[in-house]
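Dear colleague,

Please find the structure below, together with its sequence. My notes on it follow.

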Amino acid sequence: HMKRNCKLDENYFLVSQEINSDAIVEIAKSVNHIIVIDVSGSMSHDLPLIRTQLKNKLSNLIKGESDTVSIVWFSGNNESGILKEEVEVKSLKALNDLNEAIDKWLRPIGLTAFHKPLVLVKEIIERIKKNRPNSVHSLLFFTDGCNNNCSWGDVIKALKNLENDLISSTFIEYGFYCNSETVVEKFIDRHN
């Protein structure tokens, strides 16, 4: 390592030293946050709270300039859609637009089926990969956890398709209807 000294006065030296010139510096990657929200009928009591918590979390979730947010809603079998996709939140106006969409559209309807929203998450990730090949993906999944309108086999298949795409996934349960044991077995245990 190269080191240079320069004496400024009796007690002070200016030291210049090169260290680890071959060290690899890891640059923080942008994160694409994909948030899946259960809007089934059994969530009607919790949805206002979820909307509030989601809006509060958004400003903390976005760390980098090129981080994005996508929001997927779901209820029963094949009742699922994308509310927002790959939105960069670079201003208070962009954040406000997201908050307004959350309040306007995330309303309770129908039964509960986990398969279709997970398929949509995969599709979103594939599209974002083309635009942002060096970014990573994080999943937040809000539900009351009682998958009652599609087969667990389809859910597992969709989860398997996502295994290598996510840097992190968080499953958030709401209410007393949540089938916690099955949710843990199917979702959590697969990723430990």
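A residue is called buried when its relative accessible area is under 20%, and exposed when that area is over 50%. Please bear in mind that this is a predicted model.

Confidence. The protein chain has an average pLDDT of 83, and 77% of the residues score at least 70. Among the elements of the chain, helix α3 has the highest mean pLDDT, 97, whereas strand β2 (residues 13-17) has the lowest, 52.

Helix α3. This helix comprises the 17 residues 115-131. At 1.5 Å a residue it should span 24 Å, and its end C-alpha atoms lie 25 Å apart, which agrees. The buried residues of α3 are P117, L118, L120, V121, I124, I125 and I128. These residues cover an arc of only 155 degrees around the axis, and therefore lie on the same side of α3.

Residue S135. S135 is found in the loop between α3 and β6 (136-143). Is S135 buried or exposed? Its relative accessibility is 10%, so S135 counts as buried. The side chain of S135 takes part in a polar contact of 2.7 Å with the side chain of N32. The S135 side chain also reaches the backbone oxygen of R132, at 2.8 Å. Leaving aside residues up to four places away in sequence, S135 touches S30, N32 and I128. Of these, I128 is one of the buried residues of α3, and N32 is the partner in the 2.7 Å polar contact.

With kind regards

Key: Residues are numbered from 1 along each chain as its sequence is written. This is a predicted model: local features need pLDDT of at least 70, side-chain atom pairs count only at pLDDT 80 or more; totals for chains, interfaces and linings use all residues. Side-chain values use heavy atoms; hydrogens and water are left out. Helices (H or I, at least four residues) and strands (E, at least two) are DSSP runs, numbered from the N terminus. The expected span of a helix is 1.5 Å times one less than its number of residues. Buried means under 20% relative accessible area, exposed over 50%, partly exposed in between (1.4 Å probe, protein chains only). The arc is that of the directions from the helix axis to the C-beta atoms. A polar contact is a pair of N or O atoms within 3.5 Å; within protein, one must be able to donate a hydrogen and the other to accept it, and residues adjacent in sequence count only if both atoms are side-chain atoms. Contact means heavy atoms within 4.5 Å. pLDDT is the predictor's confidence in each residue, from 0 to 100.
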